[in-house]
Amino acid sequence: MSQDGQDRPSVLRAARERTRAEITRQILDAARRHLATEGASGLSLRAIARELGASSSAVYRYVASRDELLTRLIVAAYDALSGAAETAEAAVARDDLAGRWSAVCGAVRGWALANPNEYALIYGTPVPGYIAPPATIAPAARVSSVLLGILADAAATRLTPAIAEDDVPPDGQKALAPARSIVEPEVPDALLQRGLMAWAALFGTVSFELFGQLHGIVGEQPGDREAFFAESVRRWAAQVGIAPGRTADGPASPDGNWSPPQAKTTATAQAVENSTSHTAKEASP
């Protein structure tokens, strides 16, 4: 057989794979549009087929069921959110714990406001009848792994007395078992507890803003939501023990609290300001 004959099957296979990937992308894009109008529970492969001008049987060759479609959308949403958080966090100096935390929080909020339907799909009301398969676990864990990395670095520093002396009772330790199984043993239970509380508060605050629950509670003038969020981020960092200015090798003051170097404090404040400003731009029409 000639070299051309040997190469032809691989060329045709590559062409088929490109075609399949493109059609799958079109199906997912159409599904995202339907999320905005029908919600996750109203997704229909037949409706998507009609929009694309294809038969239902043709669409089923690429996506076997509504549940598979939901799974693909969920995985893609988690990956997009995680990518935004990871990129923002990686851009901050490793010893600026508060800056890293602020960058992640800003990225989560920014992505949620720019992609409200995808955020609602992964953090909103569960879709009736849908059970997320194991394929969603690893993508969902990517965002929390960023937090756990910050906690691990915080544990490697000198903890404030409030955290070092904070004991978690046995029942609380038992409740932390799943998280404890994937976090470094150097992270004390009290720090893990505080970190998870701050993480839950972050997503709760973002959800409140996205779903209209801050109306009448937080001002709606330009900058009000950003200011509220930036102050929340600062207080969550203080709760975890990584208040602005504290670094991995930062000095402690005589009273046991961390003394924030002015340069680091300014840098962290700038990180919060930048993340909220970026969010405002993304969310604007």
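**Ground rules.** I number residues from 1 along each chain as its sequence is written, and side-chain values use heavy atoms, with hydrogens and water left out. Because the model is predicted, local features need pLDDT of at least 70 and side-chain atom pairs count only at pLDDT 80 or more, while totals for chains, interfaces and linings use all residues.

Helices here are DSSP runs of H or I, at least four residues, numbered from the N terminus.

**Trp101.** I listed its contacts (heavy atoms within 4.5 Å). Beyond neighbours within four places in sequence, Trp101 meets Leu147, Ile150, Ala198, Trp199, Val233, Trp236, Ala237 and Ile242.

**H7.** I find a bend of about 40° at Val143, taken as the angle between axes fitted to the seven residues ending there and the seven starting there. Buried residues (under 20% relative accessible area, 1.4 Å probe, protein chains only) of H7 include Val143, Leu147 and Ile150. The buried residues of H7 pack against H4, H5, H11 and H12.

**Ser232.** This residue lies in helix H12. Why does Ser232 count as buried? Its relative accessibility is 12%. Its side chain reaches the backbone oxygen of Phe228 at 2.9 Å.

Key:
Helices (H or I, at least four residues) and strands (E, at least two) are DSSP runs, numbered from the N terminus. Buried means under 20% relative accessible area, exposed over 50%, partly exposed in between (1.4 Å probe, protein chains only). A polar contact is a pair of N or O atoms within 3.5 Å; within protein, one must be able to donate a hydrogen and the other to accept it, and residues adjacent in sequence count only if both atoms are side-chain atoms.
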